[in-house]
Amino acid sequence: MTFLYKADPNRGATWKKLLAREMPELPFRIWPDIGNPKEVRILATWQPPLDLTTQFPNLEILFSTGAGTDQFDFAAIPPTLPVVRMVESGIVQGMVEYVTLAVLSQHRDWRTYQDQQRAGTWQAHPVRPASSRRVGVLGLGNLGRAVLDRLHAFGFSCAGWSRSPQQIYDVECHHGPAGLQALLARTEILICLLPLTDSTRGILRKRLFDQLPHGATVINVGRGGHLVQDDLLRALDAGQLSSAVLDVCDPEPLPPEHPFWSHPKVVLTPHIASMTQPETAVDAVIDNLRRYRQGLPMIGLVDRARGY
Ligand code: NAP
């Protein structure tokens, strides 16, 4: 049984060292050094090879090296092959930091004060208590819940939206298409932490922006495919939205002439909200391999029917 890693080779070297410590018996190879392809049983990758099934006929588990699996072409992956996304604490910590930074910057008018400084203006604006600021999170999974937990600790008025009904202490939880309207109507800072699926693609569009209170902020840390870019530009230019923070876009990177690069109301970062951390990722993979051997369900196993 060989474990094959097909992503950044430098990170792969760290994975190899960490895995060898806990599972010295498991042969570990880094792409393109695949060895005997018939021996490859486990593949960890961001982008599988095109001929996955013919190249690795005995594959037993496909791990995504990231939290999402929307980059996979599921039509090319046998339906019986377990696909496991990355559920590890390093990704969660990074996301919590990024979203907290974005929310607090908006809440405390950081951009306004930066503009004022450059203009030589000394002017204070009222400081609103966090308890009066209504924050809403689309997606109540690992990341959405962790983000809400931290924002709640700051005292923000928190709400969230998911596919199925969820309960989170002190968070107003909505679900399903009917619940979205109620969430949007009360949300001044909206954070997208949904997986990209057929049902969520393009969700950040005019119809959604129009249901937010005038002057709301949108923070997209999900995927670029969640956003209809022209609708966002129109909503910003019309003042329906006051600002947008975009960590993800489509394509990545955007072409040099794209208006987001220089738009005064857009903060754009290069998909860095959170990154898989090798130490904690390898712990998660080892835990899942042990579960797999014991016949227990793996953490982060993708439900193909739901798409996440
Ligand atoms: P997760 O644990 O699978 O949670 C997904 C959440 O979205 C669940 O609450 C789910 O509802 C909800 N959801 C899915 N489809 C929905 C729909 N059609 N309507 C309403 N709610 C829906 O995922 P996660 O680990 O929190 O990660 C979320 C996403 O964050 C990833 O898929 C990835 O795209 C993105 N991400 C971005 C970065 C970055 O650096 N920017 C890093 C990591 C991850 P249920 O609770 O009912 O299942």
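**Figure 1. Pairing of strand 4 with strand 5 in the predicted model.** In this predicted model, Leu62 has Val83 of strand 5 as its bridge partner. Strand 4 and strand 5 (residues 83–84) run parallel and are joined by two bridges. Strand 4 also pairs with strand 3 (residues 40–45), in the parallel sense and over four bridges. Within that pairing, Ile42 stands opposite Ile61 of strand 4.

**Figure 2. The two covered faces of strand 4.** In a regular strand, side chains alternate between the two faces of the sheet. In strand 4 (residues 61–64), Ile61 and Phe63 lie on one side, and Leu62 and Ser64 lie on the other.

Figure 3. Strand 1 (residues 2–6) runs parallel to strand 2, and three bridges join the two. In this pairing, Tyr5 has Ile30 of strand 2 as its bridge partner.

**Figure 4. Strand 6 and its pairing with strand 7.** Strand 6 (residues 134–138) is mostly covered, with four of its five residues buried. Strand 6 and strand 7 run parallel and are joined by five bridges. Among the residues involved, Gly136 has Ala159 of strand 7 as its bridge partner.

Figure 5. A polar side-chain atom of Gln166 is placed 2.8 Å from an oxygen atom of the ligand. The ligand on its own has 940 Å² of accessible area, of which the protein covers 92%.

**Figure 6. The shell of residues around the ligand.** The elements that contribute two or more residues to this shell are helix 3 (89–107), helix 5 (142–154) and strand 7 (157–162). Of the 29 residues around the ligand, those that come nearest are Arg85, Leu140, Ser164, Gln166 and Tyr308. By residue class, the shell comprises 13 nonpolar, 11 polar and five charged residues.

Figure 7. Thr100 is a residue of helix 3. Its relative accessible area is 11%, so Thr100 counts as buried. The side chain of Thr100 reaches the backbone oxygen of Val96 at 2.5 Å. When residues up to four places away in sequence are not counted, Thr100 touches Arg150, Leu151 and Phe154.

Figure 8. Ser243 belongs to strand 11 (residues 241–246). Because its relative accessibility is 3%, Ser243 counts as buried. The side chain of Ser243 takes part in a polar contact of 3.1 Å with the side chain of Gln106. Another polar contact, at 3.0 Å, links the side chain of Ser243 to the side chain of Thr217. Apart from its neighbours within four places in sequence, Ser243 is in contact with Gln106, Arg111, Ala216, Thr217, Val218, Leu236 and Lys265.

**Figure 9. Val87 in the loop between strand 5 and helix 3.** Val87 is located in the loop that lies between strand 5 and helix 3. The relative accessibility of Val87 is 24%, so this residue counts as partly exposed, given that buried means under 20% and exposed over 50%. Val87 and Met298 are 211 residues apart in sequence, and their C-alpha atoms are 10 Å apart in space. Residues up to four places away in sequence aside, Val87 touches Asn142, Ala284, Ile299 and Gly300.

Notes:
Residues numbered from 1 in each chain as written. Predicted model: local features only at pLDDT ≥ 70, side-chain atom pairs only at ≥ 80, totals over all residues. Heavy atoms only, no water. Near = heavy atom within 4 Å. Polar contact = N/O pair within 3.5 Å; in protein donor to acceptor, adjacent residues only side chain to side chain. Areas by Shrake-Rupley, 256 points an atom, 1.4 Å probe, with all protein chains shown as cover. Nonpolar A, V, L, I, M, F, W, Y, C, P; charged D, E, K, R; others polar. Buried < 20%, exposed > 50% of the residue type's maximum accessible area, 1.4 Å probe, protein only. Contact = heavy atoms within 4.5 Å. Pairing = 2+ DSSP bridges.
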